[in-house]
Amino acid sequence: MIVKPKVREFICTTAHPAGCAKNVRIQIEKIEKEGMLTDGPKKALIIGASTGYGLATRIVTAFGAKAATLGVMFEREAQGKRTATPGWYNTKAFENEAKAAGIYAKTLNGDAFSKQIKQEVIETIKEDLGQVDLVVYSLAAPKRMTEDGVLYSSVLKTTGAPFTNKSLNLKDNTISEKTVDCANEDEILNTVKVMGGEDWMDWMDALVEAGVLASNAKTVAYSYIGPELTYPIYNQGTIGQAKKHLAKTARDITEKYADKGIKGYISVNKALVTQASAAIPIVPLYIAIMYDVMKKQGLHEGCLEQMDRLFREKNLMGEPKTDESGLIRLDDWELKEEVQTEIMRRYGIVDSDNVKELADIEGYWEDFYQMFGFLVDGVDYEADVEV
């Protein structure tokens, strides 16, 4: 069938299989041009491997280090005229590319929070890989069912007082004010349960206990801090509370498994267009302005460039370069003074009339559509495709 994008606010309900496959191929070609990593993993488990930073990490490790990768995803297959999710197509394309290159790649599809998937992963590692030397925790989920059968749901709210600021209306690219409400204690707890480090620690405990984690292995989870502008809804909001718990978990992992040389890290990444960030009020406008500023200053990176820099420049598999808090800072270019000063200048004067001059609206939407396999160069979107 001919697949067209169907967008509803911050989500696209269709995905293009050929576009997703081409997008994966483009990313692989970029990494191959960079050459081999001097210090990369040999066998990596990537939890949340089908889109965004997780997929980018998988591409960098597989095609930059020839690492065997075992991925975990939670994606939907196509049903009738309903396309699969982009992560499903991304993963199929990645596996095909890896197979052609003679690189081990296997993916398990299911709820990463569940004991069942953890056990399936452990059995697969035992059968195929023996042990892994890198565990990447890159989950972005709105809900989590714990082993005792309790369902927790995360919220995108502040934790101090309601916060009002300019926001980009994704329906028509106009600017208006949006207010983010304040969370209660239960909502904060729920968000930490879903997006904090509890499940990451459960994974590490299960892997160590099963003997499938190599000595001196590394594990990394991804986070975001951002500028003061977004502190009320991110760093100091419910998400921020979860991310602080995630950072504590990294330290706990390092301390708990010090005798095995296993170390946990947090990589604080740049703000990018993702399905998660598109859902947060106020943030899309910040990202669109930031894109324009960073592109004009020659500092813009996507998920792939960020993950490549995590291994090449920040030396994740060796002695990682961290700040005084032990965090790996891939947001260092975003938070440069010259970048933030210009973003704040523009944020102060942006309105519906000048937003296309002050913000990279075209670039924002290009990234958005490409997440779902659309607007990818070299793809015939009028052709019939098998979904």
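"Buried" here means under 20% relative accessible area, "exposed" means over 50%, and "partly exposed" is anything in between, worked out with a 1.4 Å probe on protein chains only. The model is predicted, so local features need pLDDT of at least 70 and side-chain atom pairs count only at pLDDT 80 or more, while totals for chains, interfaces and linings use all residues. Residues are numbered from 1 along each chain as its sequence is written, and side-chain values use heavy atoms, with hydrogens and water left out.

**View 1. Arginine 346 and aspartate 292 meet in a salt bridge.** A salt bridge is a side-chain nitrogen of Lys or Arg within 4 Å of a carboxyl oxygen of Asp or Glu. In this pair the closest N and O atoms are 2.5 Å apart. Arginine 346 belongs to helix α10 (residues 337-349) and aspartate 292 to helix α8, so the bridge ties together parts that are 54 residues apart in sequence. Helices (H or I, at least four residues) and strands (E, at least two) are DSSP runs, numbered from the N terminus. Is arginine 346 buried or exposed? Arginine 346 is buried, at 8% relative accessible area, and aspartate 292 counts as buried too, at 12%. Bridges with shared partners link Asp292, Lys296, Glu342, Arg345 and Arg346 into one network.

View 2. Side chains of opposite charge can pair when their charged atoms come close. Lysine 30 pairs with glutamate 305, with 3.7 Å between the closest N and O atoms. Glutamate 305 is partly exposed at 31%, and so is lysine 30 at 42%. How many salt bridges does the structure hold? The count is 25.

**View 3. Helix α8 packs against helix α12.** Helix α8 (residues 283-296) and helix α12 (residues 361-371) make an angle of about 110 degrees, with their axes 8 Å apart. That makes α8 roughly perpendicular to α12. For such labels, angles under 35 degrees are roughly parallel, over 145 roughly antiparallel, 65 to 115 roughly perpendicular and the rest oblique. Axes are lines fitted to C-alpha atoms, for helices over the stretch in contact, and angles run from 0 to 180 degrees between N-to-C directions. On the α8 side, Pro284, Ile287, Ala288, Tyr291 and Lys295 meet Ile361, Gly363, Tyr364 and Asp367 of α12; contact means heavy atoms within 4.5 Å. Sorted by class, six of these residues are nonpolar, one is polar and two are charged. In this sorting, Ala, Val, Leu, Ile, Met, Phe, Trp, Tyr, Cys and Pro are nonpolar, Asp, Glu, Lys and Arg are charged, and the others, Gly among them, are polar.

**View 4. Seven strands line up in an open, parallel sheet.** Their order is β5-β4-β3-β6-β11-β12-β13, and two strands pair if DSSP finds at least two bridges between them. At the edges stand β5 (105-109) and β13 (328-329), each with a single partner strand, so one side of each has no neighbour in the sheet. Strand β3 (residues 43-47) and strand β4 (residues 68-73) run parallel and are joined by five bridges, with lysine 43 opposite alanine 68. Helix α2 (residues 52-65) packs on the sheet and touches β3, β4, β5, β6 (132-137) and β11 (213-223). In β4 you'll also find threonine 69, which is buried at 0% relative accessibility. Its contacts include Ala44, Ile46, Phe94 and Tyr104.

**View 5. Strands β9 and β10 form an antiparallel hairpin.** Strand β9 (residues 163-169) and strand β10 (residues 174-180) pair over seven bridges; in one of them, leucine 168 partners isoleucine 175. Six of the seven residues in β9 are buried. Four residues come between the two strands, and asparagine 173 of this hairpin takes a positive phi near 60 degrees.

Methods
Lists of a residue's contacts leave out its neighbours within four places in sequence.
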